[in-house]
Amino acid sequence: MLKPSHTNPVSATLAGLAQRIPGVRSLLGTSLGSQPTELAALTRRMREILDDPEARQSLAPSFRGESLVTGATSGLGQAVATQLADAGASLWLPTRGGRTPASLHQSAQVFPVDFADLTTLPSVVDWLEPRSLDLVVLNAGVMTRESRPTKQGLESMFGVNYLATFAFLRQLLASERLRPGKQTRVVLVSSEAHRSAAPVDLSRLGAWVDFGMAHGMRQYAHSKLLICTFAAELARRLDPSAVSIWAVCPGPVNSRIAREAPAAVRPLLDLVMRLGFRSPEAAALPLVALGTHPTFAGETGRYFHVEECKPMSERALDPEAGRGLWDATESLLRRLDAAVEPPAAIYLRP
Ligand SMILES: NC(=O)c1ccc[n+]([C@@H]2O[C@H](COP(=O)([O-])OP(=O)(O)OC[C@H]3O[C@@H](n4cnc5c(N)ncnc54)[C@H](OP(=O)(O)O)[C@@H]3O)[C@@H](O)[C@H]2O)c1
């Protein structure tokens, strides 16, 4: 079986393209037959929705829930927010600079936030008051060309993709902003790149990492391994009848994620992305299905790669790693003066 590598921009792009070719997909070990039964059943349910034009059309027709989407000003997040709004959901969009996504036809509540500045997160939680959310899509993410600090001096992919996502969701859980007495769905956008990440050294969690263009993918993969490990730990701690946790990789998406690529490779990269990658609208469909479709009720802690339910990497699923990351992240946030409270008891497993 082949193991796709996401350790540099070229291999990551090639791995993404390879995943789009059905014959190659089975060589990568992603055929239905190779998955445990309960995951294969979830894959089948997803494919039934995506393969049936009528089911797809009516993906979220009766979903009127209060939905929060991060990173909704571009790419995948914008497409998710637009599909949710078209279905009738009430949208809460914390966006950089308080910008409204261009494609939205319906009105949405928009509020400024910066995931590269932890001090902006509590104001989003206050802004939601007294609303309760039915769906939370944590999608904001960056892929930077070289290491760059957040407001708190952390490396940006660690800070935006993981730490702010952790802090923000933990604040929502602590302040009871998820609908009580109903199952709120939380979707964390990760990446298959998490499988290529080096083991996490918790004693150095959040330590500055210096990298240039050739090695940025390693740090990106690290941030996505942290997201998957966090998702698995949340699923172990939270009562699935109160909160269901999903992690997803949308596959290669023709978005603005590679916006920092050097000018010399941009024309070729743009062409590859346009011709070989999924449109944000197509990539959003499985994510919206996970967030809204009744067929996925009651599940938690699952990982989808596009339409396929797979196990996360062993590192991400390791309960000791999950517990350690939870504690180490709380300690880091305390050191940064951005401590988070424990999740409210109503969301915890009995
Ligand atoms: N594209 C792919 O091939 C691919 C593959 C696997 C996983 N993903 C993941 O999918 C997610 C969405 O990415 P995308 O492909 O749609 O890329 P994108 O077009 O660049 O969208 C990224 C979104 O995140 C927001 N964001 C970035 N930094 C932020 C910050 N400091 N504060 C608040 N919001 C911030 C951006 O806001 P601005 O508009 O203000 O910049 C934008 O709305 C990311 O988590 C990414 O890692 C993408």
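# Briefing on a predicted protein model

His105 is exposed, with a relative accessible area of 65%; exposed means over 50% relative accessible area, buried under 20%, and partly exposed in between, with a 1.4 Å probe and protein chains only. This is a predicted model, in which local features need pLDDT of at least 70 and side-chain atom pairs count only at pLDDT 80 or more, while totals for chains, interfaces and linings use all residues. Residues are numbered from 1 along each chain as its sequence is written, and side-chain values use heavy atoms, with hydrogens and water left out.

**Overall make-up**

- The protein has 12 helices and eight strands; helices (H or I, at least four residues) and strands (E, at least two) are DSSP runs, numbered from the N terminus.
- Of the 350 residues in the protein, 55% are buried.
- The protein exposes about 14,900 Å², and carbon and sulfur atoms supply 54% of that area; accessible areas come from the Shrake-Rupley method with a 1.4 Å probe, and for residues only the protein chains shown count as cover.
- Among contacts in the protein with a separation of 6 or more, 77% are between residues 24 or more positions apart; contact means heavy atoms within 4.5 Å.

**Helices α7 and α12**

- Two packed helices are described by the angle between their axes and the distance between the axes.
- Helix α7 spans residues 156-174 and helix α12 spans residues 319-335; their axes come within 11 Å and cross at roughly 95°.
- Axes here are lines fitted to C-alpha atoms, for helices over the stretch in contact, and angles run from 0 to 180 degrees between N-to-C directions.
- α7 and α12 are therefore roughly perpendicular to each other; angles of 65 to 115 degrees count as roughly perpendicular, under 35 as roughly parallel, over 145 as roughly antiparallel and the rest as oblique.
- On the α7 side the contact is made by Phe158, Tyr162, Leu163, Phe166, Ala167 and Arg170, and on the α12 side by Leu325, Trp326, Thr329, Glu330, Leu332 and Leu333.
- The residues of this contact divide into nine nonpolar, one polar and two charged; Ala, Val, Leu, Ile, Met, Phe, Trp, Tyr, Cys and Pro count as nonpolar, Asp, Glu, Lys and Arg as charged, and the others, Gly among them, as polar.

**Aromatic pairs**

- The whole structure holds 12 aromatic pairs; rings of Phe, Tyr and Trp (its six-membered ring) pair if their centres lie within 6.5 Å, and planes under 30 degrees apart count as stacked, over 60 as edge-to-face and the rest as tilted.
- Tyr162 and Phe166 form a tilted pair, 5.9 Å centre to centre with 55° between the planes.
- Both Tyr162 and Phe166 lie in helix α7, four residues apart, about one turn of the helix, and both are buried.
- The ring centres of Trp246 and Phe296 are 5.7 Å apart and their planes are at 75°, so the pair is edge-to-face.
- This pair links distant parts of the chain, 50 residues apart: Trp246 is in strand β6 (residues 243-249) and Phe296 in the loop between α10 (280-292) and β7 (302-305).
- Trp246 is buried at 0% relative accessible area, and Phe296 is buried with a value of 0%.
- Ring pairs also link Phe158, Tyr162, Phe166, Phe230 and Trp326 into a cluster.

**Backbone features**

- Most residues other than glycine have a negative phi, and most peptide bonds are trans.
- The peptide bond from Glu129 to Pro130 is cis, with omega near 0°, and Pro130 sits in the loop between α6 (121-128) and β4 (135-138).
- Glu176, although not a glycine, has a positive phi of about 55°; Glu176 lies in the loop between α7 and β5 (184-189) and is partly exposed at 38% relative accessibility.
- Val306 is not a glycine either and has a positive phi of about 55°; Val306 lies in the loop between β7 and β8 (308-310) and is buried, with a relative accessible area of 12%.

**Individual residues**

- His105 is in the loop between β2 (90-95) and β3 (109-112), and its C-alpha atom is 7.6 Å from that of Thr82, 23 residues apart along the chain.
- Val160 is in helix α7 and counts as buried at 9% relative accessibility.
- Val160 and Ala116 are 44 residues apart in sequence and 5.3 Å apart in space, C-alpha to C-alpha.
- Leaving aside neighbours within four places in sequence, Val160 is in contact with Phe115, Ala116, Ala140, Gly141, Val142 and Thr165.
- Ala258 is in the loop between β6 and α9 (266-276) and, not counting residues up to four places away in sequence, touches Arg266, Leu269 and Met273.
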